[in-house]
Amino acid sequence: MAVDQDRLMEFLLKFVGDVGATMAAGNVLVGDRLGLYRALAGEPLRPEALAERTGTHPRYVEEWLRGQAAGGYVEYDAESGTYRLTEEQAFALTDPDGAVFAPGAFQLAAGALRAQEQIIEAFRTGGGVGWHEHDPDVFTGCERFFRPGYAANVATTWIPALDGVEDKLRAGARVADVGCGHGASTVLMAQAYPASVFVGSDYHDGSVKQAGIRAAEAGLNGRVSFETASAQTFSGGPYDLITSFDCLHDMGDPLGAARHIRESLAPDGTWMVVEPAAGDSVAANLNPVGRVYYSFSTFLCVPNAMSQAGGYALGAQAGEAPIRRLASDAGFTRFRKVAENPFNMVYEARP
């Protein structure tokens, strides 16, 4: 075998970066749970001072800081021996209510990797691994990662981009949030549109119970309710708006879901489909965002779809064309992309 040494070194550098990133995930979670990032956000600190502020051991904190600096997650000043967070690092690492919260993504990834043995077996057998079978960090991490993006976009960009929907919500409408998980999307919409009524549904009973707690904490009892039901069986209707946030590609029968959504809409209703940002070909997705989504999809999205009846496994990088085709096959006559950002695409489907 003839090995090009330059190309080998190029690959080895990728490998080193990936191993470092894999271990860095655990260290990000340590920093989040112990409050190390939040304590470091205000001013430059030496390891001893950061340890004192957070009630941790200085030797551990020192090693943690060195690794964080090597990975570009904190800044190091060699002359003073202090470490600090830039405004941008603090923005992404310390505020769970900001537009981006990186620790949530790492929590989701760490939780997903705990299913390694089940995923390996699924590769061998062609079976599936249901969402409900994963570690609880998957559910919590998913909420913590996706909620900030929803908070930044749902009421400011996505819903206003839909034809006539915001006016309905302000006047008072009925909304179903399908595949709601912990209810982040449901609660955010209910807070933004206090005249409307919202019903969230998810097949995972544990998530539905947590969603109820979130709604109660937000003081939304009476206007927000939840039920344990699949996207093919949720109840109620007719609805003025039905939403599905980052979940259609996880379903074993997305066509059945689309048909049920179509049947549950009012004649002038709207289905808002939020899906991961993706092109319509593999080549179009060979980029850092595509790598993240393909990797998560291998552990979470495809296994969940394979665990359900229906015959589909779209995966997290399906792109616009398959979603458009599903909507058409389900009886929707109008379909368009209304918004996009680096992580999501938003579609409007109407009867």
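How many of the residues of strand S9 (residues 344–350) are buried? Select that strand to begin: seven of its seven residues are buried, where buried means under 20% relative accessible area with a 1.4 Å probe, protein chains only. Strands here are DSSP runs of E with at least two residues, and helices are runs of H or I with at least four, both numbered from the N terminus.

Before moving on, note that this is a predicted model, in which local features need pLDDT of at least 70, side-chain atom pairs count only at pLDDT 80 or more, and totals for chains, interfaces and linings use all residues. Residues are numbered from 1 along each chain as its sequence is written, and side-chain values use heavy atoms, with hydrogens and water left out.

Now show the side chains of S9. Asn 344, Val 346, Glu 348 and Arg 350 point one way, while Met 345, Tyr 347 and Ala 349 point the other way.

Find Arg 334, whose bridge partner in S9 is Arg 350.

Then select strand S7 (residues 265–276). S7 also pairs with S9 in the antiparallel sense, over six bridges. Look for Trp 271 here, as its bridge partner in S9 is Ala 349.

Note on methods: Buried < 20%, exposed > 50% of the residue type's maximum accessible area, 1.4 Å probe, protein only. Pairing = 2+ DSSP bridges.
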